[in-house]
Amino acid sequence: ILQIQCKTTQHFNMPSSSILYISFCRPTIRICRSVISTKAPPPGNSFSTRQEANVMSKPFSLHRKKRLYLLRHGQAAHNPRAEAAREAGCSHGTFLQLMKEDDVLDAELTMLGVTQARNLGETVDVRSGSWVSDFGGGAPVSVVPIGLIVSSPLSRALQTAQEVMRESVGTCDQRVCLETLREINGWLINAKRRDRHDLMRRFPSWDFSSITPYDETWTDTLESESDCRERGYQSLLWASQQKEDGILMVTHGGLLRFTLADHENVVTEFVNDKCDVVSTGTRNDAKDRFENCELRAYEMSWDDNDIMERPVFTMKELCRSTNVIN
């Protein structure tokens, strides 16, 4: 804790006899203001007790921002028939039945899925983030390069990240696997992940230290949408606590839709070519389901202070990749 006596306090809107307490806690800086008591404190202490100091402190909110690049995996083995039927207008029941018929453990990318991921990596400068600055023909969108790559532990997401970023090995070597980014869990074995040892052998450049040795969460019952979207929110919360300003998150269509469309602490906004907010999303507009290997850039913002344990994240969509191969 760094204690600073403020002699010039006009920028902080507080009395001249004030102390700033600045806590440098990775990755945030928390600032509380405290008005000095008129009573003489005991020798060696600014407050008679730590409790008195805490009571007198008032949280100072910081508005924070981070660039998130959200990427859905490419086409996987369980996708082709079910997604074609959905495009043709089939019922949700038929869609699930086709998924069940084509179900396979930890479904991997098809050859088309590999092609989709490689094409994205070759045609869009994903790592630098420069593709976002071209949005709207010169709209004032800053370039934020990727400093951290995060993926679901399911193979199709990890393979997609590998193929998209294959030319970037060594330029962004922080690659972390996050359990909360996996698809809606249970019932279908394509949602069941491999053991950690197997994943480490197949994807040696990734950090799997945060996941359990074995899949302890998959059951033969489908996870509720509310639990899935809460995992999505927890993933955003995790991202907000990282030091990197640009983060690529590779995940799944269901989790993205439930989180962006339905979570009470996530507000998604959409902008025009002048970066003016033109709508707040609902399930019926631009929060539609991600296509296979579709990449979208978001400015995530939130208020950070000592009393906000569950901040509201505003996800302002900046642009989308348009080179998806079907």
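Predicted model: local features only at pLDDT ≥ 70, side-chain atom pairs only at ≥ 80, totals over all residues.

Student: Which elements have the lowest and the highest mean pLDDT?

Tutor: Strand β3, residues 28-35, has the lowest mean, 35, while helix α7, residues 196-202, has the highest, 98. Over residues 1-58 the pLDDT is below 50, although the model gives this stretch 89 contacts beyond near neighbours in sequence. Residues 282-287 are also below 50, with 18 such contacts.

Student: Why is Leu237 called buried?

Tutor: Leu237 has a relative accessibility of 15%. The term buried requires a value under 20%; therefore Leu237 counts as buried. This residue belongs to helix α8, residues 225-240.

Student: Which residues is Leu237 in contact with, leaving aside neighbours within four places in sequence?

Tutor: They are Pro311 and Phe313. Contact requires heavy atoms within 4.5 Å. The C-alpha atoms of Leu237 and Phe313 are separated by 8.6 Å, and the two residues lie 76 residues apart along the chain. The 8.6 Å value refers to C-alpha atoms, whereas the contact cut-off refers to heavy atoms.

Student: What makes helix α6 mostly covered?

Tutor: Helix α6 spans residues 155-164, and nine of its 10 residues are buried. Among them are Ser155, Arg156, Leu158 and Val164. The buried residues of α6 pack against β5 (62-72), α4 (111-123), β6 (148-151), α7 and β8 (246-251).

Student: What makes a set of residues a nonpolar core?

Tutor: The members must be buried residues of kinds such as Ala, Val, Leu and Tyr, joined through side-chain atoms within 4.5 Å. The largest such core here has 30 residues, of which Tyr69 and Leu248 touch the most other members. Elements that each supply at least two residues include β5, α5 (130-133), β11 (295-304) and β12 (313-320). Helix α6 gives the most, with four residues.

Student: Which residues does Tyr69 touch, not counting those up to four places away in sequence?

Tutor: Among them are Trp131, Val132, Ile146, Leu248, Met249 and Leu295.

Student: Which residues belong to another core, apart from the largest one?

Tutor: That other core has 26 residues, including Val176, Leu181, Leu256 and Val266.

Key: Residues numbered from 1 in each chain as written. Heavy atoms only, no water. pLDDT = per-residue confidence, 0-100. Buried < 20%, exposed > 50% of the residue type's maximum accessible area, 1.4 Å probe, protein only.
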